[in-house]
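Subject: A structure for you to look at

Hello,

Here is the structure I promised to pass on. Please open it beside this email, and then read my notes below.

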Amino acid sequence: MGERLVVIGGTAAGLSAASKAKRMCPSMDITVYERSGFVSYGACGLPYFVGGMIADAEDLVSLNVQTLSEKRGIPTYTHHEVTSIDRQAKTVTVRNLDSGETFVKPYDKLVIATGATPIVPGIPGARSKGVHCLRTVEDGIALKARVAEGAVRAVIIGGGFIGLETAEELTQAGMKVTVVEAMPRLLPFLIEEYASSIQAELERHGVEVCLNSTAAEVLCDENGKATGVKTSDGREFPADLVLFSIGVRPASDLARDCGLEIGFKSAIVVDEHQRTSDSDIYACGDCVQMKNLITGEPCYVPLGTTANKQGRIAGENLGGSNSTFKGVLGSQVTKIFEIYATSTGLTEAQAEQAGFAPAVCSITKNDRASYYPGGGQNHLTLVLDRHTGKLLGAQAIGTETVAGRMNVLATAITAGMTVMELNELDLVYSPSVAPVYDPILIAASQALKCVDKEARA
């Protein structure tokens, strides 16, 4: 028997680690424990499952327990919760949530991939029937069932990506939706003009948006079932279901309780190899602290792309490699009805806080040749350092083509490019895919005017 590896968590990060370690070291004895009833699923697809675009929850699952256990040689157990870690004895205590049985499992190496948990405010009625979060497949099944039962009014607390994507899907399913957001605008990582466009798009489709307001109470009937939400400014919004979507926090309790180092926003501290403060324990995914690629400072950006990459790197190192995870830019994209919104890197405020001298340049340009049918506009903003011209961040809204252009900009930031170098890029052109001067080149050309003359020379 080879080295014993126990993986806590059977979604993106955990299974990436387990699969990569098994491929690199087939003799390794790997066991995966997952507390929910599903493994290897696309949590980002949950809003579309709730709204009916995706018919079956199984369609979100990439690998099931049988495939992992029998074909990949990785015994995987759902409804099994690891309740404690004993680092001295090198064991974990596991509870079978179906039977209630508790047992101890030894390990040589351990991976913590416990993900994150939704934030639920401690307000009256927050745990009532009809109040939901959307993090697991079970969450999605419960929310979709409520829609199928005839719910017609929904209040969504939180105007982030998941909240707005679910607002779109519930609206298209025929529900009346209200979004309550504590900030003065939606999606604060976007410039105000873009955030206003997103709000207008929501309202154009019938979604009510309530800004500068928090949920003070979930109103309930005599049976303890949610009937609405009362906000901090005294307004009341009726609801057949309430969704909390105000963010997540790292599920780091296991790590804290066994004495591992905890850092930014209570996330687990790991090195560039995904090792924790215990050299025999790795951690990856939404439970860990990350590093910002631009500033080098600790950050917390829970995204599926990052979780998969970190899991792969942990698995490679468990298999004897020396791989490193460099950091994150926080690149992200979403679709709100007909508008795509995307960003990468630093905002102007973040750049200033990090000690840069930021300048901001915004342009609007067609995404294809003006005479080619079916095109639309890209609204693109670059954040740069005026002293050096270094590209620090970007934001965009518009057609689906903004996603590909943001990938180019994320690549440029990762490579440390300046807007002078960005302006020199030899980008593709065809009337069906881009104008002669791509929006990226137009933005770079305009951004040059913001750079100190000495740096442009």
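A salt bridge here is a side-chain nitrogen of Lys or Arg within 4 Å of a carboxyl oxygen of Asp or Glu. R405 belongs to helix α10 (residues 402-414), while D438 sits in the loop between α11 (419-422) and α12 (439-447), so the pair ties together parts that are 33 residues apart in sequence. Helices (H or I, at least four residues) and strands (E, at least two) are DSSP runs, numbered from the N terminus.

Before going further, please note that this is a predicted model, in which local features need pLDDT of at least 70, side-chain atom pairs count only at pLDDT 80 or more, and totals for chains, interfaces and linings use all residues. Residues are numbered from 1 along each chain as its sequence is written, and side-chain values use heavy atoms, with hydrogens and water left out.

Are R405 and D438 buried or exposed? Buried means under 20% relative accessible area, exposed over 50%, and partly exposed in between (1.4 Å probe, protein chains only). R405 is buried because its relative accessible area is 9%, and D438 is buried too, at 7%.

Other salt bridges

By this rule the count comes to 18 salt bridges. Among them is the pair of E316 and K20, with the closest N and O atoms 4.0 Å apart. E316 lies in helix α8 (residues 304-318) and K20 in helix α1 (residues 12-24), so this pair links parts that are 296 residues apart in sequence. E316 counts as buried, at 11% relative accessibility. Salt bridges that share partners join K20, R312 and E316 into one network.

D253 and R256 make another pair, and their closest N and O atoms are 3.0 Å apart. Both are in helix α7 (residues 253-257), three residues apart, about one turn of the helix. An α-helix has 3.6 residues a turn, so residues three or four places apart point the same way. R256 counts as partly exposed because its relative accessibility is 36%.

Helix α10

Back to the helix that holds R405. The expected span of a helix is 1.5 Å times one less than its number of residues. For the 13 residues of α10 this gives 18 Å, which agrees with the 18 Å between its end C-alpha atoms. Its buried residues are V402, R405, M406, L409, A410, A412 and I413. Seen down the axis, these fall within an arc of 160°, so they line one face of α10; the arc is that of the directions from the helix axis to the C-beta atoms. What covers them includes β22 (339-345), β24, β25 (391-398), α11 and α12. On the face turned away from the buried side, α10 carries the exposed residues N407, T411 and T414. G416, with a positive phi near 75°, follows the helix.

Two more places to look

H132 is in strand β9 (residues 131-132) and is buried, with a relative accessible area of 13%. Which residues does H132 contact, leaving aside its neighbours within four places in sequence? They are A142, L143, R146, L241, V242, L243 and F244, where contact means heavy atoms within 4.5 Å.

Y371 is found in the loop between β23 (358-366) and β24 (377-385), and counts as exposed at 60% relative accessibility.

Happy exploring!
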